[in-house]
Amino acid sequence: MIQLYIPLNFLGVIYREIKQSLADMERLFKLLDQHREVADVPNAQPLAVKGAEVKFAHVDFSYEAKRQILFDVDFTIAAGTTTAVVGHSGSGKSTLSRLLFRFYDINAGSITIDGQDLRNVTQTSLRKSIGIVPQDTVLFNDTIEYNIAYGKPDATREEIVAAAKAAYIHDFIESLPDGYGSMVGERGLKLSGGEKQRVAIARTLLKNPAILIFDEATSALDSRAEQAIQAQLKEIAKDRTTLVIAHRLSTIADASQILVLDHGRIIERGTHGQLLAQNGAYAQMWERQQARQEVPVSSPRADDRD
Ligand code: ATP
């Protein structure tokens, strides 16, 4: 019996390994799939970033021919400033960030960085200039060091440690039995939502991009962790052109510009103060959120729920 059990057990291990590898490959293909939508034009030039002014000019977009998602979206993020986008779930907020990465091409209008149309620059140079701290960071089944260095594969150990310190995750890493060599991801140590976001922040710091996208997590971390992360993000966003996809209005009150997106259209824009004074959709969201103590505003529209 034992003789049979050992090979079977061994097969089980192999089976799990293969299943995990397939899951990794599937993820990779999903990413590649997204990139297949667009291609570099034959004479594509590398993006030359100066101040990193981002401009969406009269952008129309649809993923599928029959359903338009964005309508005449027009805004500029001045170099080195922060623009936040708020709106109900499905209003098109994350689509803006996908278009800035040029995962898809738009149907009308243009998107430019420092005056260069995204369709005319190489995708490699474009993606090098943009860093994203996503809602849910995917960790690779590798060491924590590898996961941080992913933002800059040739980073030295000193640079990695400096980024981890700046993201306030160094002490946590040092407390692990294998330190920076600890395996994380599905097969290794499972990190909390906040720890994963810190890894993403360290990754972004190492990449040092001119443009930053922060896709705020819908599911709140506990409020202390959330506040600490917000403070760090403010630090990284300083002097970078930043697009925040926001779910909690209190985190964006000091943004240079707030856009309110509704069914793919910008219906209001201004600073927090200006929007409150307008007493429109934003002011209502603010009131509701204050009353409900920070329930994300991007929950389904009230009229969709009825
Ligand atoms: P949330 O706050 O829930 O993250 P969002 O405002 O970021 O929502 P988007 O993810 O930008 O919304 O989605 C806008 C619309 O586009 C939604 O109706 C969604 O169903 C649709 N959509 C998103 N991705 C795709 C896709 N790959 N193919 C087709 N439709 C899509």
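This is a predicted model: local features need pLDDT of at least 70, side-chain atom pairs count only at pLDDT 80 or more; totals for chains, interfaces and linings use all residues.
Residue numbers start at 1 along each chain, following the sequence as written.

What's pLDDT, then? It's the predictor's confidence in each residue, on a scale from 0 to 100. The chain has a mean pLDDT of 85, with 81% of its residues at 70 or more. For the complex, the predictor gives an ipTM of 0.98 and a pTM of 0.82. Watch out for residues 302-306, where pLDDT stays under 50. For that stretch the model has one contact beyond four places in sequence (a contact means two C-beta atoms, placed from the backbone, within 7 Å).

Strands here are DSSP runs of E with at least two residues, helices are runs of H or I with at least four, and both are numbered from the N terminus. Two strands count as paired if DSSP finds at least two bridges between them. In general, strands of a sheet pair through backbone hydrogen bonds, either parallel or antiparallel.

Four strands make an open sheet here, in the order S2-S1-S4-S5, with antiparallel pairing. S2 (67-77) and S5 (116-117) are the edge strands, each pairing on one side only. Helix H2 (residues 93-100) packs on this sheet and touches S1, S2 and S4. Its direction makes about 110° with that of S1 (axes are lines fitted to C-alpha atoms, for helices over the stretch in contact, and angles between N-to-C directions run from 0 to 180 degrees).

Let's look at the pairings. S1 (residues 54-64) and S4 (residues 108-113) are joined by five bridges. Phe56 has Ile111 as its bridge partner in S4, and Val54 sits opposite Ile113 in S4. Two bridges link S4 to S5, with Thr112 partnered by Asp117.

## Two hairpins

S4 and S5 form a hairpin with two residues between them, and Asp114 in the turn has a positive phi of about 45°. Strands S9 (residues 257-262) and S10 (residues 265-270) pair antiparallel over five bridges, with Asp262 opposite Arg265. Their hairpin has two residues between the strands, and His263 takes a positive phi near 45°.

## Around the ligand

Which residues come nearest to the ligand? Of the 12 around it, they are Tyr63, Ser89, Lys93, Ser94 and Thr95 (a residue is near if its C-beta atom, placed from the backbone, lies within 6 Å of the molecule). H2 gives the most to this shell, with three residues. By class, the shell has two nonpolar, eight polar and two charged residues (Ala, Val, Leu, Ile, Met, Phe, Trp, Tyr, Cys and Pro are nonpolar, Asp, Glu, Lys and Arg charged, and the others, Gly among them, polar).

Lys93 belongs to helix H2. Is Lys93 buried or exposed? Lys93 is buried, because 23 other C-beta atoms lie within 10 Å (buried takes 20 or more, exposed 12 or fewer, and partly exposed is in between, with C-beta atoms placed from the backbone). Leaving out residues up to four places away in sequence, Lys93 touches Val85, Gly87, Ile245 and Leu261.

Thr82, in strand S3 (residues 82-87), also counts as buried, because it has 23 C-beta neighbours inside 10 Å. Thr82 and Val54 are 28 residues apart in sequence, with 11 Å between their C-alpha atoms.
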